[in-house]
Amino acid sequence: MGLIIRNVSKRYANGVQALDNVSLNIPAGMYGLLGPNGAGKSTLMRTLATLQEPDTGQIFLGDIDVVHQKDAVRQTLGYLPQEFGVYPKASAEELLDYFAVLKGITDRAVRRATTEALLKQTNLWDKRKQKLGGYSGGMRQRFGVAVALLGNPGLLIVDEPTAGLDPAERVRFLNLLSELGETSVVILSTHIVADVAELCTNMAIINQGQILLETSPLQAVAALHGRIWRKLTDKHTLPALEQEHRVISAKLLGGQTLVHVYSEELPGHGFEPVQPDLEDVYFSALTGCLGPAHPQRKAEKITL
Ligand code: ADP
């Protein structure tokens, strides 16, 4: 079952155009939606989760019309929002059982088997009696996945799930997600390039409500081969470099500034070629070097 998004637009009452003619084909598997804060990711995720409607456009999950058949979507949807509340005094086991009832799993034995399997899958079985108020951020996120997986969803949406997790928790969480993408559509919305690089077979980059690039991480990186160059400079010469070259990123390294430049040939003295990675793809797209031309949008420099 795949997800097809056609010409979806959304403008909020305050005039912000959060989605601007978004079209995507999302096959089964792990799909990364990558973009900076304010790009429109949550708006798109909430729309897919039937929590809000687009102004225009169509969305199909298999043959379900997502905008008009909300109940049918909700029966096969798992949604882990950016922020979700838990009842701090309930244990994971109690609250998961409660959500399972809400999901319509009325048979007690089936419910017990389901919640046990999910608590084991999310590695929370040993902590099932602990109150959720005492859970770490990573444990809470994994509990959120257990809730989202109730009823075997064909579409699982996780919105910015690794923000705020420490590195070990993040790895554990990503490993859990990677196991889920085998049969269902799993959409991971994030501003963290590494999350997508490690997990997703397909991806899109979104900014200012528009899709800049729809690709696979491997293809996108291969397509940049020979086009990214680097130079160590100092912050005083950076403005001059930016005048002359298509600087996609500039980050501090040992007190100096490491600049990455997009160029189809050697940009000049002192540059050396870089083996591109997904971060270079991301910044090339955001600065207008990759993807559709948006003449109305001025390329922004990205400073890390
Ligand atoms: P992201 O998830 O990529 O950070 P969002 O979808 O949350 O992006 O936001 C996209 C744009 O829409 C931002 O400019 C944000 O301020 C605006 N926005 C989001 N929700 C609302 C809302 N309910 N009302 C008005 N503007 C909103």
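Reader: Which residues is F143 in contact with, leaving aside its neighbours within four places in sequence?
Author: F143 touches V86, A92, L95, L96, L124, L132 and Y135. Contact here means heavy atoms within 4.5 Å. Keep in mind that this is a predicted model: local features need pLDDT of at least 70, side-chain atom pairs count only at pLDDT 80 or more, and totals for chains, interfaces and linings use all residues. Residues are numbered from 1 along each chain as its sequence is written, and side-chain values use heavy atoms, with hydrogens and water left out.

Reader: How many residues does the largest nonpolar core have?
Author: It has 53 residues. F143, L177, I205 and V281 have the most contacts inside it. A nonpolar core is a set of buried Ala, Val, Leu, Ile, Met, Phe, Trp, Tyr and Cys residues joined through side-chain atoms within 4.5 Å. Buried means under 20% relative accessible area, exposed over 50%, partly exposed in between (1.4 Å probe, protein chains only).

Reader: Which helix gives the largest share of this core?
Author: Helix α10, residues 278–286, with six residues. Helices (H or I, at least four residues) and strands (E, at least two) are DSSP runs, numbered from the N terminus.

Reader: Why does this core lie between domain 1 and domain 2?
Author: Because domain 1 (3–214) and domain 2 (221–303) both give residues to it. The bounds come from an automatic or database domain assignment.

Reader: What about the domains themselves? How far apart do their C-alpha centres lie?
Author: The centres of domain 1 and domain 2 are 33 Å apart. Domain 1 puts 14 residues into the contact, and domain 2 puts in 13 residues.

Reader: And what area is buried between domain 1 and domain 2?
Author: About 1100 Å², with carbon and sulfur atoms giving 67% of it. That is the accessible area (1.4 Å probe) the two parts lose on being put together, summed over both.

Reader: New topic. Why is helix α1 largely enclosed by the rest of the structure?
Author: Seven of the eight residues of α1 (residues 41–48) are buried, so the rest of the structure largely encloses it. The buried ones are K41, S42, T43, L44, M45, T47 and L48.

Reader: What comes just after α1?
Author: T50, which takes a positive phi of about 65°.

Reader: Last one. How many helices and strands does the chain have?
Author: There are 10 helices and 14 strands. Buried residues make up 49% of the chain's 304 residues.
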